[in-house]
Amino acid sequence: MKQFWFIGVSTGQSMIMRLFPVWAKLLGLQDTRMYGVDLPPGVSGEKVRESVLRLRDAPNALGALVTTHKLAVWKEAADLFSEVDEHASRLQEISCISRNKDGQLIGHAKDFITSAKALNLLLPQDHWQNHPEAETLVMGCGGAGTAIIEQLTLGQNGTFPKRVTGLEFNTHRLETVCKQFGSRKNLILDPADKEGITAVKKITALPPHSLVINATGMGKDLPGSPVQNGVVFPQQGFVWELNYRGSLEFFHQARVQQESKQLTVHNGWNYFLLGWASVMEEVFHLELTDELMGRMKEAAKPLRSS
């Protein structure tokens, strides 16, 4: 039996364990099963490298999706890949591992592409053009947060938020992102604090129609929320919780104010589906057309509602 690896934190709890057999039937991949590799947040680089080596040397392992450890895979194991795509090289992360025709590993960073598709589903067309004073706050500058920051500073359909602010608790990570994108005129990168005080102040100061994103992993891989209770969201703002499962404290904080502040609140369900489908496109050498993505979304609906 062939294996499709999932390198994450609590892989057994992920919806993909139930969803993949449904998608496998749809795509004619019934000879493949999911194989979860659980590594805690902050795991040693040696353990990350060991996992990539095991995948490389397993003849039945076709490839993998990497979640929390995508930055660590780049840092600790980039030399194990015969090639990496331009996004992986630029963002210094590997979120997808596939094989070439000779069985060698290829590293991909899919967050840049997935975040663009997810943002197009989340925000109305010409949102930034229609609301030129609106801003974005991204809490967490890991792989997903950095990709979203890059998308928003490059522009969505040729338009930009007035300002993009990234908050990050990890000093080394903040310095890395500063080196990558610090020269962009509409970007501010600031340190976050454990208590969430800075985040509360930043959110409270946001103009109407602004976008607030939780890309910290808190509420799924880590307990709690990046902001304190009592945070005031921007009027008619958009709130995007990148997690789709877990305690989702931040998501529920926003839902409390959804009516009074006229918020549009999204969790990470579409991002989850797009992310997995994009990785499967590389691992199984598929062409992920809009029509096929639509069929995969429809197939996933019964599981989401169950």
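Rings of Phe, Tyr and Trp (its six-membered ring) pair if their centres lie within 6.5 Å; planes under 30 degrees apart are stacked, over 60 edge-to-face, and the rest tilted. This is a predicted model, where local features need pLDDT of at least 70 and side-chain atom pairs pLDDT 80 or more, while totals for chains, interfaces and linings use all residues. Residues are numbered from 1 along each chain as its sequence is written, and side-chain values use heavy atoms, leaving out hydrogens and water.

View A. The structure holds eleven aromatic pairs. Phe4 belongs to strand 1 (residues 2-8) and Phe20 to helix 1 (residues 16-27), so the pair links parts 16 residues apart in sequence. Helices (H or I, at least four residues) and strands (E, at least two) are DSSP runs, numbered from the N terminus. Phe4 is buried at 0% relative accessibility; buried means under 20% relative accessible area (1.4 Å probe, protein chains only).

**View B. Phe4 also pairs edge-to-face with Phe284.** Here the centres are 5.3 Å apart, with 80° between the planes. Phe284 sits in the loop between helix 11 (269-283) and helix 12 (290-305), so its pairing with Phe4 ties together parts 280 residues apart in sequence. Look around, and you will find one aromatic cluster formed by Phe4, Phe6, Phe20, Trp276 and Phe284.

**View C. Asp111 lies in helix 5 (residues 111-122).** Asp111 counts as buried, at 7% relative accessibility. Its neighbours in contact (heavy atoms within 4.5 Å) include Lys70, Glu93 and Tyr271.

Terms used
Buried < 20%, exposed > 50% of the residue type's maximum accessible area, 1.4 Å probe, protein only. Lists of a residue's contacts leave out its neighbours within four places in sequence.
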